[in-house]
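Welcome, and let us take a walk through this structure together. We will stop at a few places and look around at each one.

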Amino acid sequence: MLTRKDKTVKIANHKNIAYTEAGTFEETRFEKIHNVIFKDSKEPSILVAQEIADLIKEKAAKNQPCVLGLATGSSPIKVYEELVRMHKEEGLSFSNVVSFNLDEYYPMDKSNIQSYFYFMHEHLFNHVDILPENINIPDGKINPEDLYQYCIDYEMKIKSVGGLDFQLLGIGRTGHIGFNEPGSHLNSRTRNITLDHITRVDAAPAFLGIDNVPRKAITMGIGTVMSAKRIVLLAWGANKGEIVKETIEGNITAEVPATYLQNHNNTTFILDEGAASELTRVKTPWLVTACVWNEPLKLKAVVWLSELSGKSILKLTDTDYNNNGMSGLLTEEGTAYDLNIKMFNKMQQTITGWPGGKPDADDSNRPERATPVKKRIIIFSPHPDDDVISMGGTFDRLVEQGHDVHIAYQTSGNIAVSDEEALKFAEITQSLCPDCDETQSIINFLKIKTDNDIDSAEVRKLKGLIRRSESLAATRYLDLKDENVHFLDLPFYETGTIKKNNIGVDDVAIMKALIDKVKPHQIYAAGDLADPHGTHKVCLDALFMAIEDLKHIDYMKDCWVWLYRGAWHEWESYQIEMAVPMSPDQVLKKRHAIFYHQSQKDGVMFQGGDSREFWVRAEDRNRLTAKKYHDLGLADYAAIEAFKRYHF
């Protein structure tokens, strides 16, 4: 078995980072767990899979079992995909692997598509040559009177094969590893546990609502996890940023169970840029090291200092900079006065009431070009309401200012329509057409549907039509012609379940066809990767792949791409490159456009961790952005929608 240092050197060197023990050098003086940061999840997932494969081979060469502790959830999926690929293409054998899964919902039937038994077989076990008798997943149907002894036996079985050689982990927003929720003891072992409300909220999309999420689970304990010889924890996305910072930089506490990993001598956290975004050395590097002050970092630092001090940018002093690790910045810039004016102007120049460019104006300090005066524009919306929720005011402004605006709804959004809503429409349709066989089939299906049933093709079609009619009502309200509304229905989405297919050539081809047809000067797309069910990221990836294929064509050389964010997060002030202010009347008009999406109001299925309705979230977010601008010393607007440019 390789030591912690041996293993982490391998991962770190791949990123040209020399590994040193955490806490012994300035860049990580806040950090108590070794971690490596990657741009996204693809490359590190392959590296982690390779480490697991090497361990399997090393053990096989010694005629020993390789005992793997495995996790579920979205984080390890790409790791499992790579392991399957290595088995099929490179002959990696799992015949010597003994696996123990971290947890399972309780009660939970193995055949339930939400079970971790189903998950593991779907993503890994059905595709490799692991012996069925070597697969160990907690039994979610064990009798309550047998549960205590069952958990003891699970522990004893791990010990009987020599303990865990490798434990793969994810991390929940409560700081749980496995289902060890806040309050879990360091010495805890496999047991039945009550799930935290936040954990159940995060699981709600997969169960089509929080009411369907089990309240209990069987989980390995903290002590079980800590006994593993090697631990790798994966964390992807900005929504994990706060808990990753607390785990890596905070004190060890039962309230954040993952902090116990600070005492494990062979643990590495593998993070993407989103999950690492709150770490001190990433968010405020000037507090831990000397910085190379490029323009984006200068703006980030000045905005941070303004927000920290509660002063507008133009009121910051030399003392404010010197007392907060930015004396080197002042050395480069001269005085706080000069720097303040420079950064204030940068922020000021992001503001425009002309998102399509202002005609006959000097555009040298504006976010968008003045020409052509009338632009062809595509707004890509992952779901059939993201356009009005995220940029309804800008959408309205673009139409009002005479641009040739096209809306492209990338997915049908059918899975977000409740069965009750679909049944209501089906019964209305039946009353109008009593002899319609398809309608009767839909009604019959919905009335007998169980939790494990995937919607029939007819039901999915009806739910998609509901979302489509709502979208058309909203776009008509904003005076967009029907012929400029495009329903792409990308195939990756049409599975009838939360789990979607990977992006395929058909998805990209559909995107390319629309772009080539419109030949846009502007593209707007959702850059909000905190979407709890991942559709935004897949849709954005599909756009990027389409752009990559088309970027050599002449019309694309004159196309600018602007990214908006959705209902979960907004761009940080220093990231914003175009800020479109809204008047109180425009805020109200945006609200009314959102209201047309009636199926997504009043108990929406995919609420995330925020109980507010989407229109409330959108308004609060837009008002907060405007307040941040005002606090920086800029004009006082009712609301602002924000965008960041994507360069290709």
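Our first stop is Glu295, which counts as partly exposed because its relative accessibility is 29%, where partly exposed lies between buried, under 20% relative accessible area, and exposed, over 50% (1.4 Å probe, protein chains only). What you see is a predicted model, in which local features need pLDDT of at least 70 and side-chain atom pairs count only at pLDDT 80 or more, while totals for chains, interfaces and linings use all residues. Residues are numbered from 1 along each chain as its sequence is written, and side-chain values use heavy atoms, with hydrogens and water left out.

Glu295 belongs to helix α10, residues 295-309; helices (H or I, at least four residues) and strands (E, at least two) are DSSP runs, numbered from the N terminus. Its side chain is joined to that of Lys298 by a polar contact of 3.0 Å. A polar contact is a pair of N or O atoms within 3.5 Å; within protein, one must be able to donate a hydrogen and the other to accept it, and residues adjacent in sequence count only if both atoms are side-chain atoms. Not counting residues up to four places away in sequence, Glu295 touches Lys342, Met343 and Lys346, contact meaning heavy atoms within 4.5 Å. Lys346 is 51 residues from Glu295 along the chain, and their C-alpha atoms are separated by 10.0 Å.

Next, find Glu570 in the loop between β15 (560-564) and β16 (578-582). Is Glu570 buried or exposed? Glu570 is buried, because its relative accessible area is 14%. Its side chain makes a polar contact of 3.3 Å with the side chain of Arg621. Beyond its neighbours within four places in sequence, Glu570 is in contact with residues including Arg621, Asn622, Thr625 and Ala642.

Now turn to strand β1, residues 35-38. Asn35 and Ile37 point one way from this strand, Val36 and Phe38 point the other way, and all are buried. Strand β1 runs parallel to strand β10 (residues 267-272), and four bridges join them; two strands pair if DSSP finds at least two bridges between them.

Our last stop is the second largest cavity. Among the residues that line this cavity are Asp385, His597 and Trp615. By class, its lining has four nonpolar, two polar and three charged residues; Ala, Val, Leu, Ile, Met, Phe, Trp, Tyr, Cys and Pro count as nonpolar, Asp, Glu, Lys and Arg as charged, and the others, Gly among them, as polar. On a 1 Å grid over the protein atoms alone, a cavity is a set of points where a 1.4 Å probe fits but cannot get out, and lining residues have an atom within 4 Å of a point.

Definitions and conventions. On a 1 Å grid over the protein atoms alone, a cavity is a set of points where a 1.4 Å probe fits but cannot get out, and a pocket is an open set with protein on both sides within 12 Å along at least five of seven lines; lining residues have an atom within 4 Å of a point.
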